[in-house]
Amino acid sequence: MRSERPGPPAKHRPFIEAAFKAKGEAVRAGDQAYGAVVVKDGRIIGYGPSRVISKQDWNAHAEREAILDAQARLGRADLSGCLLYSSSRPCAACEAAAAKVNIARMYHGSEATDAGAPRGRGGA
């Protein structure tokens, strides 16, 4: 008998799938295999494939790219009430960046594991 993984809850599925789509774009571009999106009120407002290699910038992690995209689209730094979905658990620096901009909650991985509210200090 084969056991199947349950996958993400339905309400998280489109957003975690978008994070994995960003991951795929990063890989096809020759970058690191990470992707992330920022969601506000059930809508993707920030999209971020990893661009560390393409930009030659160690800060261009997928989560930070999604955060910067969301900030640009909203025209403000504060992302209060937003959710961050990532293809894998954000590193400590990305979690700190999410905390700094007031991301409400983080989800990661193919099952959209709830990582809770971001903690830490750092820069976006």
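## Helix 4 and its surroundings

The buried residues of helix 4 pack against helix 3 (62-74), strand 3 (83-86) and strand 4 (105-108). Contact here means heavy atoms within 4.5 Å, while buried means under 20% relative accessible area, exposed over 50% and partly exposed in between (1.4 Å probe, protein chains only). Helices (H or I, at least four residues) and strands (E, at least two) are DSSP runs, numbered from the N terminus. Helix 4 itself covers residues 92-100, and its buried residues are Cys94, Glu95, Ala96, Ala97 and Ala98. Just after this helix, Asn102 takes a positive phi of about 70 degrees.

Please keep in mind that this is a predicted model, in which local features need pLDDT of at least 70, side-chain atom pairs count only at pLDDT 80 or more, and totals for chains, interfaces and linings use all residues. Residues are numbered from 1 along each chain as its sequence is written, and side-chain values use heavy atoms, leaving out hydrogens and water.

Strand 3 has partners on both sides: 4 bridges join strand 1 to strand 3 in an antiparallel pairing, and 4 bridges join strand 3 to strand 4, which run parallel. Leu83 has Arg105 in strand 4 as its bridge partner. Val38 stands opposite Leu84 in strand 3, and Leu84 in turn stands opposite Met106 in strand 4. From strand 3 the chain crosses through helix 4 to strand 4, a β-α-β crossover that is right-handed: with the strands pointing away from the viewer, the path from the first strand over the helix to the second runs clockwise.

## Aromatic cluster

Which residues form one aromatic cluster? They are Phe15, Tyr85 and Tyr107. Rings of Phe, Tyr and Trp (its six-membered ring) pair if their centres lie within 6.5 Å; planes under 30 degrees apart count as stacked, over 60 as edge-to-face and the rest as tilted. The count comes to 2 aromatic pairs. Phe15 and Tyr85 make a tilted pair, 5.3 Å centre to centre with 40 degrees between the planes. This pair links distant parts of the chain, with Phe15 in helix 1 (residues 13-28) and Tyr85 in strand 3, 70 residues apart.

Phe15 is buried at 11% relative accessible area, as is Tyr85 at 1%. Tyr85 and Tyr107 form a stacked pair, 5.0 Å centre to centre and 20 degrees between the planes. Tyr85 lies in strand 3 and Tyr107 in strand 4, so the pair ties together parts 22 residues apart in sequence.

## Cysteines

How many disulfides are there? The count is 0, where a disulfide is a pair of cysteine sulfur atoms within 2.5 Å. The closest cysteine sulfur to that of Cys91 is in Cys94, 3.7 Å away, which is too far for a bond. Cys91 is partly exposed at 29% relative accessibility, whereas Cys94 is buried with a relative accessible area of 0%.

Note on methods
Pairing = 2+ DSSP bridges.
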